[in-house]
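Please keep the sequence and the model in view while reading.

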Amino acid sequence: MSMRLFGKIGLLCVGSLVLVPAPAQALEFHGGVSVGGIQVGAEPRIAVSPFAGWLWRSEGNFRLEVHNMLSIVPWAGVGVYDRTAITLGYTTETTTVSLGPSLAIYSMPVCGAVICNRVVGVAPGGRAQYDWYFADALGVSTSIHVDWAGGSSRVLPGSLVVMLTTGPIWRFEIKSK
């Protein structure tokens, strides 16, 4: 993976920080557990993904969020896929939509068309999430992640990792003075 790619991801993160108006009016923590599918290599798998995030809301409906999701992929040999994202989002009383760049670290057994092997690496990508809160602090979160696992590999044809998850979400808000 080239330093130019890491530089571009850094610029996207800094750019998203500049776009968010200040000062923040509330700090919010949210977390939950999602279940969904991850496509790595030739076969899709089920993943269980606990997640947590911190977000800062400004005077308007825009927010900046730092989000981490650790996906555990139980199959022949357990895989781990840990992803951190910085997103810019728009929120209302009951919904939140966010989008931004992400960076993942992974160690997973993967089967391609011909061979199986454990792959380990770092993957830049992007993340989109939709949260719907139906009971104040309780809601449902759906997210999609698309990552690029760089390098040439007979195990990872196309070098794309795609994950779609959904599950419950809980939020806790701290109001600033």
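The structure is a predicted model, in which local features need pLDDT of at least 70 and side-chain atom pairs count only at pLDDT 80 or more, while totals for chains, interfaces and linings use all residues. Residues are numbered from 1 along each chain as its sequence is written, and side-chain values use heavy atoms, with hydrogens and water left out.

**Overall architecture and confidence**

The chain has one helix and eight strands, arranged from the N terminus as α-β-β-β-β-β-β-β-β. Helices (H or I, at least four residues) and strands (E, at least two) are DSSP runs, numbered from the N terminus. Of the 177 residues in the chain, 40% are buried; buried means under 20% relative accessible area, exposed over 50%, and partly exposed in between (1.4 Å probe, protein chains only). Among contacts (heavy atoms within 4.5 Å) with a separation of 6 or more, 57% join residues 24 or more positions apart.

The average pLDDT, the predictor's confidence in each residue from 0 to 100, is 77 for the chain, and 72% of the residues score at least 70. Where pLDDT is low, the predicted coordinates should not be read in detail.

**The nonpolar core and its aromatic residues**

A nonpolar core is a set of buried Ala, Val, Leu, Ile, Met, Phe, Trp, Tyr and Cys residues joined through side-chain atoms within 4.5 Å. The largest one here has 18 residues, of which Ile 38, Val 73, Tyr 81, Tyr 106 and Met 108 touch the most other members. Two or more residues each come from β2 (43–57), β3 (62–73), β5 (95–111), β6 (116–135) and β8 (160–175). The most, four residues, come from β5.

The structure also holds four aromatic pairs. Rings of Phe, Tyr and Trp (its six-membered ring) pair if their centres lie within 6.5 Å; planes under 30 degrees apart count as stacked, over 60 as edge-to-face and the rest as tilted.

Tyr 81 lies in strand β4 and Tyr 106 in strand β5, so their pair ties together parts that are 25 residues apart in sequence. Tyr 81 is buried at a relative accessible area of 0%, and Tyr 106 is buried at 7%. By contrast, Trp 132 is partly exposed at 43%, as is Phe 134 at 45%.

**A buried threonine**

Thr 165 is found in strand β8 and counts as buried, with 1% relative accessibility. Leaving aside neighbours within four places in sequence, Thr 165 is in contact with residues including Ser 34, Gly 36, Met 69 and Thr 142. Thr 142 is 23 residues from Thr 165 in sequence, yet their C-alpha atoms are 5.7 Å apart. The side chain of Thr 165 also makes a polar contact with the side chain of Ser 143 (2.9 Å). Such a contact is a pair of N or O atoms within 3.5 Å; within protein, one must be able to donate a hydrogen and the other to accept it, and residues adjacent in sequence count only if both atoms are side-chain atoms.
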